[in-house]
Amino acid sequence: MSAASDTALASVGVSDDPVIAAPADVCLLVEGTYPFVSGGVSSWVHDVICGHPELTFAVLYVGSYPGAHGEARFKLPPNVVGLHRVFCQDAALAPLDGAGRASLREQIHALRVAMDARPSKSRVLAGLERMHVEGEAGTDVLAALACNDLTLPELMHGRSSFQLLTTIAERVAPDAPFLDLFWHYRAIFAPVLRLLAAPTVVARCYHAVATGYAGLLAALWSYRTGRPLMVTEHGIYARERDMELARADWIRDEAGGVSEPRSTWAPRVSPLRRLWSSFFKALSRIAYVQARHIITLSDVNRNKQIADGAPPEKIEIVPNGVALHGSLPEKRDREDVVAPPARRLRVGFVGRVVPIKDLVTFVRACDIALGVVDVEARVIGPSDEDPSYAARCRQLVGRLGRTSHIQFVGPMPPAQIYGDLDLVVLTSFSEGQPLVILEAYAWGVPVVATDVGACREMIEGRGEDDRHIGPSGFVTRVAAPKETAAAIIKLARDVRLRWRMGAAGHARVTAFYQRGDMLARYRALYRSLIETTAAEAAERP
Amino acid sequence: MSDPRTSQQEGDPEGVSNPAGADVPAGEAPVVAPRPTRPPVAPWIAVSMADLVGLGLVVGVQEMWTLFAAAGLHLAALLPIAFMRSLSSSEKALAASFVFAFPVLGAPLAVLALEHGNGDLASDLTQAPTALADAVATDFGRLAVALPSCEALTAGTVEERRAIIATLVRRGDADAVALLRWALGASDPDLAVDAALALEEMTVSFDARLAACREALAAAQDGPRDTAALPPPTLPAAEAALAAAELITHAIDVGVADPALVPALAGEARDDYALAGADSTQADAVAIGRTHLELGALRPDTALACIDAALPTAGPEIRPVLLSLREEALLASHALPWEGPSALASYQVRAWSHARRPPPLTARRRLGNLPPPPLSASIRVGPVQVPGAAATRKVRHVGRE
């Protein structure tokens with residue numbers, strides 16, 4: 001049974017077969033985003049591809065299982081020569097009947113006989129053992145994984161695989177119920193084997209737009225082909241997965257004293273949760289080790305990457321950028337300040353209506369602010385990604401009796417959004433470096449944002465020169481509607497402050513966050529990687 | 001030390017007797033049981049006599065052999081103690097020690113010690129409440145290894161922090177919610193984000209359960225009524241209404257409900273309690289739930305009224321609960337946040353716009369016997385100027401302006 005047969009891989013685009021396809025200049029590896037999901041990262045990927053028309057791109061989409069994503073949300077630019085998809089899981093299989101089970105037993109028996117006849121242990125298994133038991137995630141582990149000498153059935157039913165499971169049970173998760181560990185072991189390693197077996201998409205360089213599974217695949221292909229790798233992380237993958245794991249109801253933590261009426265107890269972290277967390281951290285470290293350049297968006301993220309094992313000398317900060325349309329729009333002119341228009345403040349929430357954006361806090365803040373000042377709030381962005389959350393937010397607006405003041409207007413092109421807004425509010429739980437803030441700055445609109453990701457340095461300034469420009473809005477705590485409302489009220493009452501902050505934002509984006517600067521930096525990076533490939537090819541006999 | 005007269009009689013190996021003769025487990029047996037029988041005196045006299053004879057020989061004869069004879073008699077004085085069946089082994093050891101250490105005086109001293117001691121050493125150990133000792137040790141251990149939750153949230157590792165937060169979410173009581181809200185203001189932004197996500201999760205869970213309860217209630221109210229096989233629709237509807245009302249009450253009580261929605265949710269819960277009250281078998285649950293709701297919604301006077309209405313018909317089991325809640329409501333009615341005029345404003349709106357919901361007793365007391373003013377009029381209560389219903393948000397402090 002070949003490893004490749006277990007991999008669900010489908011290709012769409014110019015070439016259907018990644019092995020024989022003409023090699024692209026850059027293979028962009030994305031996980032769960034472009035081109036099937038709209039959002040900040042997808043927009044950024046699209047922008048980067050469009051911004052380099054002289055380069056050809058192959059896009060590899062890593063998804064969860066076939067059919068999980070919908071239609072493409074972006075029209076692929078002409079310089080995309082191939083779109084390939086790799087899935088971590090197969091579609092659900094029908095349960096086996098009696099004959100099927102008997103046949104499976106025979107297959108497992110034959111498999112074990114064949115495995116027992118093997119002279120040496122699988123290198124992939126050895127690599128997985130070093131990754132999980134020894135905590136290693138260096139080039140040696142990558143080299144072992146790149147061998148791809150373990151099939152999915154061998155992982156599921158092989159004796160040596162079961163031996164690794166028992167080793168993990170004894171040395172890593174001695175407190176975990178063995179049966180739980182058994183299933184978690186399969187859930188962790190089966191996607192890895194599918195990715196290892198994916199046919200290599202050949203390119204002159206690889207660019208992973210996250211670590212995780214996409215980063216692992218990029219590191220593997222980079223190792224196998226000898227082509228250089230660059231990793232760009234918008235949000236820190238391992239941290240984001242940790243946040244998801246913390247809320248995962250399929251892993252239970254035990255804590256002494258839960259049933260006791262005391263405020264003191266010693267938490268005991270579930271060994272299974274720790275296993276998953278260390279797995280995702282190891283994936284990140286593998287990508288960091290193999291990458292020539294690690295790009296991040298802000299100082300905050302850089303520090304997190306270093307803490308997660310990224311070599312500091314490889315990290316470079318390349319902030320996002322937006323296109324400027326000239327000087328500050330005329331309507332933001334000082335004349336406007338001297339004679340402010342007699343109308344309500346127009347506040348915008350620009351983004352997807354999903355829980356991570358915490359639209360509930362925005363609605364509550366507007367409700368509080370509406371008790372003091374006249375505000376017209378608009379929620380601008382798609383609400384089809386999480387319909388139940390969108391319905392909940394609409395219901396909240398209705399229950400608060402604010403339907404005439406808070407409106408859901410759906411997605412709009414940026415040119416139509418910011419010209420009609422006085423203030424942009426961002427209440428997200430998690431952000432990298434939000435494009436929304438930069439777009440608002442480009443239009444001279446001040447911003448109120450939560451203290452997540454790079455928001456603080458985008459509003460208050462990063463370096464000395466940046467801080468000298470002055471604040472371009474207010475930073476609030478997460479889930480603090482009163483603080484957000486206070487900022488809205490302050491900016492609604494003080495038109496001069498609003499103008500001053502808007503002008504500071506415009507000056508900031510002009511100085512530090514221009515799209516041209518960002519693309520120029522990536523162009524230089526791509527050129528350097530491609531030249532490295534060419535030089536190494538020329539050196540070969 | 002146990003009373004020597006009461007131990008080891010009637011073959012009780014543990015020194016625990018059962019006067020009633022019932023087969024009582026060791027853990028439930030009384031620690032000290034009276035034994036009416038008198039202890040034997042002859043052995044003690046024999047012990048003393050042996051020592052006295054030896055002493056007489058040594059003093060009277062003053063030969064070398066008398067020393068050995070006196071020593072032999074002194075050792076022989078231990079024999080009656082060894083054969084005293086009324087003594088436990090530890091009591092025998094104690095008595096023998098006295099007799100051996102203090103010739104002649106040893107026997108009376110031993111009798112005194114055994115008569116007036118508190119108990120047998122061995123039986124004390126066996127009867128000691130071991131669970132209590134373990135609990136104390138556990139407490140010390142917990143104090144030694146565990147930090148208070150607040151400290152652990154701020155000073156613990158990321159994994160510990162997330163484990164605590166996950167535990168708090170599962171716990172879901174008022175303390176847990178308060179701790180999570182405290183964590184929102186932490187200086188560590190990651191902790192604040194984790195806490196915010198946890199609170200969001202709890203709110204989403206509450207919303208989902210409330211939606212399910214509403215659907216169940218609607219289904220119960222609109223269900224088929226002409227099918228004889230089905231129970232009468234009033235009972236399921238009452239149960240569904242009680243479930244919905246209790247869910248809302250719990251959410252308000254622990255602080256999961258959105259503060260801006262508390263008045264609307266409380267109104268919905270009141271309607272549900274009214275519907276649930278149609279089933280007389282649920283009267284006690286309705287009374288308690290409604291009281292909790294009014295206390296959570298800062299209307300202790302209404303809570304008092306609910307309790308006073310329920311007390312005359314309350315059963316003996318539920319009466320202490322109601323009385324306890326009444327104490328709480330009484331205290332709360334004197335601790336209203338008068339400095340926050342929003343409460344007053346809401347009282348006014350509800351009081352004079354809905355005849356079914358009278359103003360709270362406290363407000364009534366403070367307002368005296370004033371006739372209900374028209375909706376647009378404002379009133380002054382102490383330093384607070386309460387405007388009419390049309391502009392209840394513009395409450396102002398008179399003293400400040």
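Figure 1. Five cavities of 30 Å³ or more are found when the whole structure, a predicted model, is searched. The largest cavity holds about 90 Å³ of space. Its lining draws on both chains: A:Asp242, A:Leu245, A:Ala246, A:Val269, A:Arg273, A:Arg274 and A:Ser277 come from chain A, and B:Val158, B:Glu159 and B:Arg162 come from chain B. At least two lining residues are supplied by each of helix 9 (237-247) of chain A, helix 10 (271-290) of chain A and helix 9 (158-171) of chain B.

**Figure 2. The two chains.** Chain A contains 21 helices and 16 strands, while chain B contains 18 helices and three strands. Of the 541 residues in chain A, 55% are buried; in chain B, buried residues account for 39% of 401. Among chain A contacts between residues at least 6 apart in sequence, 75% link residues at least 24 apart. In chain B, 61% of the contacts with a separation of 6 or more involve residues 24 or more positions apart.

**Figure 3. The six-stranded sheet of chain A.** The strands of this open sheet pair in parallel and follow the order 13-12-11-14-15-16. Strand 13 (406-408) and strand 16 (473-476) form the edges, each pairing on one side only. From one strand to the next, the twist averages 20°. Strand 12 (residues 375-380) runs parallel to strand 13 and is joined to strand 13 by three bridges. In this pair, A:Val379 stands opposite A:Phe408 of strand 13.

**Figure 4. Helix 3 of chain A and its neighbours.** Helix 3 (residues 123-132) is mostly covered, with seven of its ten residues buried. These buried residues are A:Val124, A:Leu125, A:Gly127, A:Leu128, A:Glu129, A:Met131 and A:His132. They pack against four helices of chain A, namely helix 4 (139-146), helix 6 (159-171), helix 7 (178-196) and helix 10. Helix 10 of chain A also contributes to the lining of the largest cavity.

Figure 5. Leaving aside residues up to four places away in sequence, A:Thr296 touches A:Glu233, A:Asn301, A:Arg302, A:Gln305, A:Ile315, A:Glu316, A:Ile317 and A:Val318.

Figure 6. Most peptide bonds are trans, and most residues other than glycine have a negative phi. A cis peptide bond, with omega of about -5°, joins A:Tyr34 and A:Pro35. A:Pro35 is located in the loop between strand 2 (24-31) and helix 1 (40-50). A:Asp358, although not a glycine, has a positive phi of about 50°. The loop that holds A:Asp358 lies between strand 11 (345-350) and helix 13 (359-370), and this residue is buried, with a relative accessible area of 1%. A:Ala479 likewise is not a glycine and has a positive phi of about 50°. A:Ala479 is placed in the loop between strand 16 and helix 19 (481-493).

Technical notes:
Residues are numbered from 1 along each chain as its sequence is written. Chains are lettered from A and ligands numbered from 1 in the order in which they are written. This is a predicted model: local features need pLDDT of at least 70, side-chain atom pairs count only at pLDDT 80 or more; totals for chains, interfaces and linings use all residues. Side-chain values use heavy atoms; hydrogens and water are left out. Two strands pair if DSSP finds at least two bridges between them. Axes are lines fitted to C-alpha atoms, for helices over the stretch in contact, and angles run from 0 to 180 degrees between N-to-C directions. Contact means heavy atoms within 4.5 Å. Buried means under 20% relative accessible area, exposed over 50%, partly exposed in between (1.4 Å probe, protein chains only). On a 1 Å grid over the protein atoms alone, a cavity is a set of points where a 1.4 Å probe fits but cannot get out, and a pocket is an open set with protein on both sides within 12 Å along at least five of seven lines; lining residues have an atom within 4 Å of a point. Grid points are joined across faces, edges and corners, and a volume is the space filled by probe spheres set on the points.
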